Amino acid sequence: MSVVTRFAPSPTGMLHLGGARTALFNWLYARHHGGTFRLRLEDTDRKRSTPEAIAAIVNGLTWLGLEWDGEIVRQSERRQRHAEVAHELLAAGGAYRCYCTPEELETMRAEARAAGLAALYDGRWRDRDPAEAPPGIDPVIRFRAPQEGETTISDLVQRDITIDNTALDDMVLLRADGTPTYMLSVVVDDHDMGITHAIRGDDHLTNAFRQTQLFRALGWEPPAYAHIPLIHGSDGAKLSKRHGAVAVGAYAELGILPAAMRNALLRLGWSHGDDEIIDTAQAIAWFDLDAVNRGAARFDMEKLQSLNGHYIRESADSVLLIDLEQRLAARHPAAATDEGRRRIAALLPEAKARAKTLVELADNLAFLFRDPRDAMTPKAHRLLNGLSLETQAHLGALAYMLEELAEWDEAELERFVRAFAEGEGIGLGKIAQPLRAALTGSHASPGIFAVMVALGREETVARLNAVGILASGR
RNA sequence: GACCCCUUCGUCUAGAGGUUAGGACACCACUCUUUCAAGGUGGAGACACGGGUUCAAUUCCCGUAGGGGUCACCA
């Protein structure tokens with residue numbers, strides 16, 4: 001039997017890290033087994049489901065590179081089928097009408113809780129004569145759940161878990177307005193879509209018992225379940241807004257590469273020996289549910305960034321170029337010109353190793369398009385102001401010669417400047433640091449010769465002139 | 001509160017009834033070096049606690065503590 005998995009988010013908000021990892025695991029499991037990965041939107045709560053949320057999910061999955069198979073299933077479009085199943089169950093005696101008012105249920109729960117019990121529906125309409133139904137109340141249809149014995153699920157991650165059936169109540173299948181609830185929809189859709197493996201967050205664990213009971217009542221076989229541990233924030237609490245970025249879209253903006261995100265998410269709750277850097281092809285080959293942990297993991301931004309730095313270094317320049325041009329052009333229009341692209345491309349190989357995010361990479365290249373004097377770091381400022389007369393003379397002489405240098409390439413520049421420093425009997429740093437400050441406005445940058453090549457002779461000379469270095473050499 | 005789950009360095013994790021308890025991120029030092037990174041080398045850092053079982057337990061069992069999840073006509 002071929003594997004069919006699904007990612008089934010409710011489109012009520014952004015696609016967050018936990019959802020993204022659930023999708024990743026489903027996708028990997030399907031790909032590993034040569035199966036199918038479906039996307040299903042659980043939008044049975046039409047009030048809370050929004051087009052924006054649907055777009056966020058679709059965009060998030062696309063950005064992550066988790067392509068789904070077949071059409072997106074929208075649960076709301078399958079209402080008829082869900083209701084039909086509920087009515088069949090009702091006719092067969094597996095469900096019944098309940099005429100409780102919301103207030104009545106509220107009281108029931110409050111009393112149960114006050115008595116120190118779980119707040120469950122007490123089944124008061126389970127065997128009551130429908131003739132006693134109060135007038136003017138639209139009933140809900142409840143599942144006639146087994147009241148004795150126990151239910152066991154064989155979870156692929158959490159192992160066998162058994163629960164006493166008294167811990168579960170008769171859940172609502174069809175609301176008073178006739179619309180299906182999540183619990184019914186999931187069961188019918190998982191069955192109809194032929195889902196073989198339901199891989200989802202641990203928060204659904206207790207649902208698995210209810211759903212298993214419903215599957216059996218319907219005479220169907222439930223899918224294999226795999227409840228993966230939740231992702232927590234750095235303080236160990238459930239991931240939420242206060243933990244900073246939780247939506248995958250935010251990570252794209254922060255300059256995280258999809259490959260890094262996939263790798264980071266993969267290693268949260270899953271491992272393959274001591275392996276840390278695991279690309280997607282390798283992940284597909286290795287991924288399996290038996291290596292998934294059972295405890296929740298905390299999300300670590302530092303590790304993501306470290307991984308991201310690795311994937312940036314591994315990325316082809318041509319790929320990074322497109323992203324960088326966009327990021328830089330937003331602030332410096334010149335970045336989007338031919339000369340701008342040339343400058344970025346020239347420095348990219350050097351700059352790649354110095355950034356953990358694309359934002360940082362763009363920041364590190366921004367000096368190519370602005371006057372260094374406008375954004376001088378304090379250290380760079382001190383560097384230029386504290387030059388001895390001797391050093392000033394050296395720099396001036398060097399700058400003057402640079403104007404006339406025959407070749408303007410990295411090797412030639414390095415050879416020339418080194419020879420110059422040696423000739424004057426001074427360390428290269430004495431020359432390189434002031435040059436760096438003048439050319440980049442910073443005390444730290446990619447290699448100074450690569451910087452000069454990226455800027456070009458004309459711009460290099462102009463910048464040296466602008467801070468008075470060239471003048472002192474004339 | 002009831003039910004269920006979890007517990008190895010700060011974090012993510014490997015691990016086996018007998019190991020100097022391994023790796024990664026972060027941290028520190030050294031190295032490389034024109035700066036900053038990257039790279040290399042090294043360092044510090046963990047089996048929650050208490051009982052069992054056993055020749056031997058961090059590993060198996062039971063408790064305790066701590067953490068988490070679920071208890072809707074939400075999903």
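Predicted model: local features only at pLDDT ≥ 70, side-chain atom pairs only at ≥ 80, totals over all residues.

User: Which residues of α5 and α6 make the contact?

Analyst: From α5 come Y182, M183, L184, V186, V187, D190 and H191. From α6 come N207, R210, Q211, L214 and F215. By class, the contact of α5 with α6 has seven nonpolar, three polar and two charged residues.

User: At what angle do helix α5 and helix α6 pack?

Analyst: Helix α5 spans residues 182-192 and helix α6 spans residues 205-217. Their angle is about 60°, and their axes are 10 Å apart. Angles from 65 to 115 degrees would count as roughly perpendicular, and those under 35 as roughly parallel. α5 and α6 are therefore oblique to each other.

User: Now the RNA. Which residues come nearest to RNA strand B?

Analyst: There are 68 residues around RNA strand B, and R175, G269, E276, R294 and R436 come nearest. They divide into 24 nonpolar, 21 polar and 23 charged. Helix α17, residues 428-440, gives the largest share of this surface, with five residues.

User: Which parts of RNA strand B lie within 4 Å of the protein?

Analyst: Of those RNA atoms, 70% belong to sugar or phosphate, and the rest to bases. Look at single atom pairs next. R298 uses a polar backbone atom instead, 3.1 Å from a phosphate oxygen. For a base, see R354: a polar side-chain atom lies 2.6 Å from a base oxygen of RNA strand B.

Technical notes
Residues numbered from 1 in each chain as written. Chains lettered and ligands numbered in written order. Heavy atoms only, no water. Near = heavy atom within 4 Å. Polar contact = N/O pair within 3.5 Å; in protein donor to acceptor, adjacent residues only side chain to side chain. Helix = DSSP H or I, 4+ residues; strand = E, 2+ residues; numbered from the N terminus. Nonpolar A, V, L, I, M, F, W, Y, C, P; charged D, E, K, R; others polar. Axes fitted to C-alpha atoms, helices over the stretch in contact; angles between N-to-C directions. Parallel < 35°, antiparallel > 145°, perpendicular 65-115°, else oblique. Contact = heavy atoms within 4.5 Å.
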